[in-house]
Amino acid sequence: MPRPRSLQLIRPAPLTDPPEPGSAAERSLLVRAAQQGDVRAFAALVDAYYARCLRFALHMLSNRGDAEEAVQDTFVRVYRALPGYEERESFEPWLFRILANRCRSAGARERRRSELVEFGDVPDLPSERRHDDAIAWREEIGRALATLPVEQREAFLMRHVEDLTYDDMAIATGAGISALKMRVKRACDALKQLLTEDHGARRD
Amino acid sequence: MHDETDETIVRIAAALRPLPDVDPAEKARVLVAVAAERERSRVAGIRAARRWRRVGALGALAAAGLVAAVWLRGRDVAAPTVAATSATTTAVGSTAPSSGVGARLARDDEGMKLKTVQLVLRAPAARTVSVVGDFNGWDAHANTMTRDPASGLWSHNVALRPGRHVYAFVVDDRVWLRDPRSPEATDEDFGRPGSVLLVGQP
Amino acid sequence: MSARSLQLVVAIGALLAYAPTAPAQQVAYAASALSELDSVTQAAVVRELGRARTRGLPVQPLVAKVREGQIKRAAPERIRHAVAALTTRLDSARSALGAASNAAELVAGADAIAAGVNQAALHAVRAASGERDVSAPLGALAQLVASGVPVRRATQMIVELVKRDAGPREILAFGIAVESDVGAGVPAEESALFRLRAIESGAAGGATTLSTGIGDPVTIPTSPGDARRPRRKP
């Protein structure tokens, strides 16, 4: 008598016990559902990641319009690329890889666009003068970030703001881990230098 | 790594961490673009029969879906088939940007007689010069000046309503230049003063 | 559909809501101005347009202000601020000039306010003008004040001219003449008095315009000693 082949039972995930919101398990579920065409699952992914992507893009591009466009393009590309996405790679670094590329393209475009030059500086509006120290500090940081080379800025933000692991960063940038550590270190050194010597010098 | 615990770096990171505010409309734009993608692509057989009931943070799903639906509908309604109405501009002001300045514009949209004024600029090194101002909606492509080869002077005739106007030159699409021969118009809004032209009746 | 063209569609939709009878060209112009703003600023500006519309103020000058900010490469926050400030000035102009004022008059009024003219002065010009359009007198008034003539004095002069049935031509010519005198170094108030007297005594033409022979007269200050050197980028 031939041994009955064991049947694989495909059971739907238990509906009474959904995964924790925000957990990796939930994310996997969403991604898989989105891959199979579930638009609401994709919408949930957008919901979950939009703000973080925008945060990264804003710090990379410092121009809200460009940042928004980069993020929106990213999600559209994610959608297009979903069929080819394999779950071996975790979703986040994959997402950030696409986002980082979009930001790089936008940055290159911005540098090519001609700047309107004028003779002399544009004075500050009195009503806009910032008395809020916290805001002034953030602006200083923004300016300092903008002086960093793109790869260093990218690496710094991924490591210290987006909290990606170096393994994830390697996936997101295609660079090796030691190169990434070097970039982060250089970025930190530069930022420390810029931001500790300026601090205390009040801008009027 | 040392940097992780470095106080300055920690402070910098803390300042950069707060998430930006996101308008639901922004996210909806993504969904609409994606919906357009779906219309375009015909991926056979990959349609989820499954339905997800409750999956944690999908409370926002309903909102996202609703917003997406509203935007999709908005897209249809706002399709740019604007009927060209007659010159009854009620809420919209009458200082319409002049497209194609030339002999044609002896009168503006409301039938007001315009006066032709010649603007002149000495800028021998310039490649292109255009005039921007309140009369052409600050459009750098609406009134381009022409260079007289003999004198090297750039000039352009522009038809203006009588009254006070503010204008400036844009050289090579890069440089903002006040007309040095006209009085300065203060610019409290943006800090880039232009020049004033008082135009009399034709 | 790209994100950008979506933004354009949104902007058009918003504008149709706020200015349903606007000619197509104006809508297209306005939509393209709005669509270049990021969504936060765009939303804020569209709200301003809506508010202006509800109060019966002209929308086109606000859109032009956006465009002005864009060509001057101003930060979005400034653009938003400028649109709000203009709306306020248009509103003040309307309460001074009356709800029946046309858009050009309101814009001239707003410009005058920006130059330092107060509501009482606007009101006085309107009262003296009766049925006539006040944009020209207000334009001249704005320029007088900007040149340095004290508001009260400048208002008196313009009101005087209006009461004497001076048409827009003469009033603007007066303003032009004062402007060129100021450019030549004459103190503004002196020039204004001088030119006003000339008009009152019936002297022919207060304006000094040059005919360059190329075409139409150009309004250039007549003083040969126009020492204003254009600033050049080093």
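Visitor: Where in chain C is Arg73(C) found?

Guide: Arg73(C) lies in the loop between α4 (60-71) and α5 (76-97) of chain C. The helices (H or I, at least four residues) and strands (E, at least two) are DSSP runs, numbered from the N terminus. This is a predicted model, in which local features need pLDDT of at least 70, side-chain atom pairs count only at pLDDT 80 or more, and totals for chains, interfaces and linings use all residues. Residues are numbered from 1 along each chain as its sequence is written, while chains are lettered from A and ligands numbered from 1 in the order in which they are written.

Visitor: What is the phi of Arg73(C), and is Arg73(C) buried or partly exposed?

Guide: Arg73(C) is not a glycine, yet its phi is positive, at about 55°. For exposure, we count other C-beta atoms, placed from the backbone, within 10 Å of a residue's own: 20 or more is buried, 12 or fewer is exposed, and in between is partly exposed. Arg73(C) is partly exposed because it has 14 C-beta neighbours inside 10 Å.

Visitor: And how does Asp165(C) read, with its positive phi?

Guide: Asp165(C) is not a glycine either, and its phi is about 70°. Its place is the loop between α9 and α10 (168-183) of chain C. Asp165(C) counts as exposed, because 8 C-beta neighbours fall inside 10 Å.

Visitor: At what angle do helices α7 and α9 of chain C pack?

Guide: Here is the general idea: two packed helices are described by the angle between their axes and the distance between the axes. The axes are lines fitted to C-alpha atoms, for helices over the stretch in contact, and angles run from 0 to 180 degrees between N-to-C directions. In this structure, α7 (residues 119-129) and α9 (residues 151-163) of chain C pack at about 10°, with axes 9 Å apart. That is why α7(C) and α9(C) are roughly parallel to each other; the classes are roughly parallel under 35 degrees, roughly antiparallel over 145, roughly perpendicular from 65 to 115, and oblique for the rest.

Visitor: Which residues make the contact?

Guide: From α7(C) come Ala121(C), Ala124(C), Val125(C), Ala128(C) and Ser129(C), and from α9(C) come Val151(C), Thr155(C), Ile158(C), Val159(C), Val162(C) and Lys163(C). Two residues are in contact if their C-beta atoms lie within 7 Å. By type, the set splits into eight nonpolar, two polar and one charged. Here Ala, Val, Leu, Ile, Met, Phe, Trp, Tyr, Cys and Pro are nonpolar, Asp, Glu, Lys and Arg are charged, and the others, Gly among them, are polar.

Visitor: Where is the place of Gly130(C)?

Guide: Gly130(C) belongs to the loop between α7 and α8 (135-147) of chain C. With 9 other C-beta atoms within 10 Å, Gly130(C) is exposed. The C-alpha atom of Gly130(C) is 9.5 Å from that of Val162(C), a residue 32 positions away along the chain.

Visitor: Which residues touch the most other members of the largest nonpolar core?

Guide: A nonpolar core is a set of buried Ala, Val, Leu, Ile, Met, Phe, Trp, Tyr and Cys residues joined through C-beta atoms within 7 Å. The largest has 91 residues, and those touching the most other members are Ala112(C), Val117(C), Ala140(C), Leu141(C), Val145(C) and Ile158(C). Helix α6 (residues 103-115) of chain C gives the most to this core, with nine residues. Beyond its neighbours within four places in sequence, Ala112(C) contacts Val117(C), Leu122(C), Leu138(C), Leu141(C) and Ala142(C). Another core, of 57 residues, lies apart and includes Leu30(A), Leu45(A), Met60(A) and Val78(A).

Visitor: How many helices and strands does each chain have?

Guide: Chain A has eight helices and zero strands, and 34% of its 204 residues are buried. Chain C has 11 helices and zero strands, and 51% of its 234 residues are buried.

Visitor: What is the mean pLDDT of chain B, and what does chain C average?

Guide: The pLDDT is the predictor's confidence in each residue, from 0 to 100. Chain B has a mean of 67, with 61% of its residues reaching 70 or more. Chain C averages 78, and 74% of the residues score at least 70. Its residues 204-234 are below 50, with 58 contacts beyond near neighbours in sequence. Where pLDDT is low, the predicted coordinates should not be read in detail. For the complex, the predictor gives an ipTM of 0.76 and a pTM of 0.54.
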